[in-house]
Amino acid sequence: MVTVPWLHVVEKRGALPVDLLLPVTGRTYVARLDGREMRDTDAVFQQFYD
């Protein structure tokens with residue numbers, strides 16, 4: 001069984017085309033998170049929630 005990372009972190013400046021990161025099958029979600037808002041652990045989880 002081949003496993004792939006469940007999370008890719010891509011910087012805006014070095015962004016890859018999203019289709020290079022997506023698996024061929026399965027559910028895929030793409031989110032753009034603002035790291036400036038992630039000053040502590042709670043704020044990181046809040047960004048994912050939002």
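Reader: How many helices and strands does the chain have?
Author: The chain has 2 helices and 0 strands; helices (H or I, at least four residues) and strands (E, at least two) are DSSP runs, numbered from the N terminus. This is a predicted model, in which local features need pLDDT of at least 70 and side-chain atom pairs count only at pLDDT 80 or more, while totals for chains, interfaces and linings use all residues. Residues are numbered from 1 along each chain as its sequence is written, and side-chain values use heavy atoms, with hydrogens and water left out.

Reader: Why is Q47 called buried?
Author: Buried means under 20% relative accessible area, exposed over 50%, and partly exposed in between (1.4 Å probe, protein chains only). Q47 has a relative accessibility of 17% and therefore counts as buried. Of the 50 residues of the chain, 4% are in the buried class.

Reader: Which residues does Q47 touch?
Author: Leaving aside residues up to four places away in sequence, Q47 touches L33, D34, E37 and M38, where contact means heavy atoms within 4.5 Å. Q47 itself is found in helix α2.

Reader: Why is V44 called partly exposed?
Author: V44, also in helix α2, has 25% relative accessibility, so V44 counts as partly exposed.

Reader: What makes F48 partly exposed?
Author: F48 lies in helix α2, which covers residues 41-49. Its relative accessible area is 46%, and therefore F48 is partly exposed.
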